[in-house]
Each structure stands twice: as C-alpha cells, then as structure tokens.
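Subject: Structure handover

Hello,

Please find the structure below. My notes on the findings follow it.

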There are 2 protein chains.
Amino acid sequence: MSLRHAVLGLLADRTASGYDLMRLFQTSLANVWPATQSQLYTELNRLSDAGLVTVTAEGPRGRKEYGITGDGRAELRHWLLEVEPERNRRSDALLRVFFLDQVSPGQGRAYLERERRLAGERHRALRELADALAGEPDPLAVNGLLALEWGLRFTRMQEEWAEWAAERLAAAPAAAPPPAD
Amino acid sequence: MSLRHAVLGLLADRTASGYDLMRLFQTSLANVWPATQSQLYTELNRLSDAGLVTVTAEGPRGRKEYGITGDGRAELRHWLLEVEPERNRRSDALLRVFFLDQVSPGQGRAYLERERRLAGERHRALRELADALAGEPDPLAVNGLLALEWGLRFTRMQEEWAEWAAERLAAAPAAAPPPAD
DNA sequence: GTTCGACCTGTCAACAGTGGAAAGTAGGAT
DNA sequence: ATCCTACTTTCCACTGTTGACAGGTCGAAC
C-alpha cells in the first residue's frame with residue numbers, strides 16, 4: 001500500500017486539500033501511481049486518524065487543508081530508505097507473449113508489431129512531455145525528470161524488444177535458440 | 001482480470017488439475033502473473049460455470065482434470081489479438097524516486113545505488129535461469145524465452161538508469177537539466 | 001502399523017482499488 | 001433570480017488478490 005506514501009510525499013513540501021491532491025495525482029503522478037478521488041479522501045481520513053497528517057486550515061466551502069506532521073515525515077523517510085521496494089510482477093502484455101504460439105506465426109508477428117508501435121507512440125508522447133517540461137523550472141519536475149527518463153528508456157526498450165522478438169519468432173517458429181545478451 | 005486467460009493459456013496445450021496449474025504458475029509464470037492456490041480453484045470453478053473449460057477426467061483422490069473447450073479457445077484468441085493490453089502503471093520504485101528530495105542528496109544517491117545493485121542481482125539470476133533453460137528443449141520455454149529476454153533487458157535498463165540518475169543527482173542537486181536521449 | 005510428506009480440493013475474512021452516485025457550497029454568467 | 005460550472009467531501013457496491021485455515025487420499029519409510 002503505497003498510496004499512503006504518495007500522499008505523504010506530496011504533502012511534504014506543500015499543504016493541500018483533497019481536491020488539490022486529486023489534481024496533483026492526475027498530473028504529476030498519473031504515470032507512476034494513479035489514484036481516484038474516492039481513494040484519496042479515504043486515505044486522508046486514515047492518515048489523519050493515524051496522526052501522520054493534520055488539518056491546518058478550514059476553507060469556506062468545507063475545504064480542509066492538510067499538512068504533514070513530524071510522524072508523517074518520519075514515516076515517509078522510513079519508507080523511502082528502509083522499506084524494500086516491491087517488484088512489479090504482473091504484466092498483462094508479457095502474459096500474452098507466453099501464449100503467443102496459440103495463434104499463427106503471422107498473427108504472432110502482427111501482435112508484436114502492434115506492441116512495437118504502441119511503445120513507440122508512448123515514447124514519443126513522453127518525449128514531448130519532456131521537451132515541454134524542459135522549459136519551466138517546476139519544483140515537481142526535479143525528480144519527475146528522473147522518472148521521465150526512466151519512462152523514455154523503458155518505452156525504447158519495449159520497442160527494441162518487440163522487434164527482436166518478432167525476428168526471433170520468424171527465424172524459429174518451432175524451437176527458439178537461447179537469448180542473446 | 002487476466003488470471004482467467006493465464007489459466008486458459010496453460011490449458012490450451014495440455015489438460016491439468018488445479019494442483020498441476022498451481023505448480024505451473026509457481027514455476028513458469030511466477031514472474032509474469034503470480035497466482036495463489038485459492039485463486040486457481042475459484043477461477044477453475046468460474047471457468048467451468050462459464051463453459052470455457054470442462055472436467056475431462058476424475059482421478060483417484062478427488063483429482064479433477066480440466067481441459068479447454070472450443071469457447072475457451074475462442075476467448076483466449078480474442079483476448080490475445082483483440083483486447084488492448086493494459087499498461088502497467090503503478091511502480092513502487094518510481095514513486096520513491098519522485099520523493100527523493102525529501103532525503104539528503106547523499107541518501108538519495110545511496111538509494112539509487114541500492115536500486116542498481118538489486119537490479120544487477122536480478123539480472124544475474126535471470127541470466128542463470130536462461131543458461132539453465134538453454135539446455136533443455138521444454139515446450140514451455142519457447143515463448144518463455146521471449147519473456148526471459150524481456151526480463152534481461154529490463155533489469156539491465158534499470159541498472160543503467162539508476163547509475164545515470166545518481167550521476168544526475170550528484171551533478172545538479174537543485175535543478176536538474178532536461179534528460180538526454 | 002503408523003507416521004510423514006506429497007498430493008489434492010476447497011472456504012473464509014480482509015483489504016486495496018475502481019467506478020459511480022449523491023450532495024453540498026460558492027462565484028460568475030445570463 | 002437562476003443556472004451553470006468548479007470545487008469539495010463522502011458513501012457504496014463490486015472485483016481481484018492474499019493468506020490462513022480446513023479438509024482429504026495415497027505411497028513410502030521407519
């Protein structure tokens with residue numbers, strides 16, 4: 001459960017209402033840890049009960065401004081530095097690859113070609129985002145750029161892999177040789 | 001929900017009991033789509049109700065052997081070729097990167113160094129697995145090797161990225177320049 | 001002969017995440 | 001005055017996943 005830490009991280013350098021957080025999730029964290037409005041409000045209440053955040057101000061229309069507490073910062077640091085990151089194991093796309101011999105070799109190659117295309121599109125979208133962000137010195141962007149570079153490398157890798165896999169499939173429809181390094 | 005399709009995929013070229021499937025998940029699919037025993041039995045019953053699999057034999061100790069039906073194969077092909085693969089969006093590790101400026105630059109670099117090390121270890125483990133599999137011509141291995149190559153590239157990419165990110169962090173603790181291609 | 005381990009099937013409670021509905025306030029446009 | 005839109009919070013039903021529990025058969029070893 002890292003939604004908790006995502007919220008703490010965002011509150012660490014600004015106070016915000018649930019609505020503010022929702023917009024931050026939609027923009028800066030959309031590609032890293034998406035969260036819906038209902039999750040956020042539930043989590044804010046839980047965090048508040050646990051004493052990790054606190055209401056710093058109450059606005060006009062019921063708006064509640066939340067801020068991180070000392071305990072909250074401690075928890076955030078603890079998670080950042082001491083909790084082992086969990087591996088991302090499930091992959092819808094990779095699962096399909098496992099069963100690719102259930103369709104004809106031609107369909108398999110077509111599937112991989114689509115994968116390559118989709119990865120390429122995502123790569124170009126991220127590149128545009130990176131170029132757009134390169135101009136404005138947004139405080140959020142500092143480490144966001146590290147994540148962005150990760151995305152650029154990842155999508156590039158997916159493209160190359162899909163191309164490689166399609167060739168491999170074409171070369172040896174019956175038995176694949178061991179992967180190259 | 002792709003557990004359904006993982007089960008269909010495995011049953012597509014062999015009949016198997018729930019227990020057999022459990023072992024297949026533990027071995028060949030462990031890194032792609034983990035599933036627990038309880039999920040499997042529940043899913044088999046659901047699939048059976050939906051007419052996508054059927055009991056082909058009943059063994060001595062209550063063992064039930066399941067086989068895929070025509071509808072099941074149709075569903076599998078449909079999922080493989082026509083359903084858009086969903087992106088894997090949540091990443092525990094990347095989320096941490098976003099909040100890396102909550103700790104000192106030195107701690108941040110130490111974190112990235114650990115990431116690099118963990119990725120390297122996983123890379124070496126996958127390489128050993130690939131070498132071990134290179135010998136035996138397992139029917140499962142055919143497309144499993146494609147997935148394995150994906151893992152090799154992915155872990156290598158993570159290593160390189162963590163190194164790059166650490167350098168980037170060291171070079172510009174206040175404001176990061178735009179990412180290179 | 002019993003005990004042990006491998007085989008085999010199932011239920012249950014709990015929780016994270018999703019999507020949608022409900023309901024309310026304030027400010028600006030018509 | 002009224003309506004629309006943005007803002008704000010909350011609740012509920014549903015799915016997927018997990019881990020624990022609970023049962024059962026069989027072959028082999030002791």
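In this predicted model, chain B can be laid on chain A with an RMSD of 0.1 Å, by a turn of 180° and a shift of 0.0 Å along the axis. The superposition is by least squares on the C-alpha atoms of residues with pLDDT of at least 70 in both copies. The two copies are thus related as by a two-fold rotation axis. The same surface serves both: 100% of the contact residues of chain B (contact means heavy atoms within 4.5 Å) recur in chain A.

Conventions: residues are numbered from 1 along each chain as its sequence is written, and chains are lettered from A and ligands numbered from 1 in the order in which they are written. Local features need pLDDT of at least 70, side-chain atom pairs count only at pLDDT 80 or more, totals for chains, interfaces and linings use all residues, and side-chain values use heavy atoms, with hydrogens and water left out.

Now the DNA. DNA strand C is surrounded by 18 residues, each with a heavy atom within 4 Å of the strand. The closest are A:Gln39, B:Gln37, B:Tyr41, B:Arg63 and B:Lys64.

- A:Gln37: a polar side-chain atom lies 3.4 Å from a base nitrogen of DNA strand C.
- A:Ser38: a polar side-chain atom lies 3.1 Å from a base oxygen of DNA strand C.
- A:Gln39: a side-chain N or O atom is 2.7 Å from a phosphate oxygen of DNA strand C.

Helix 3 of chain A gives the largest share of the surface near DNA strand C, four residues; helices here are DSSP runs (H or I, at least four residues), numbered from the N terminus.

Best regards

Conventions: Polar contact = N/O pair within 3.5 Å; in protein donor to acceptor, adjacent residues only side chain to side chain. Helix = DSSP H or I, 4+ residues; strand = E, 2+ residues; numbered from the N terminus.
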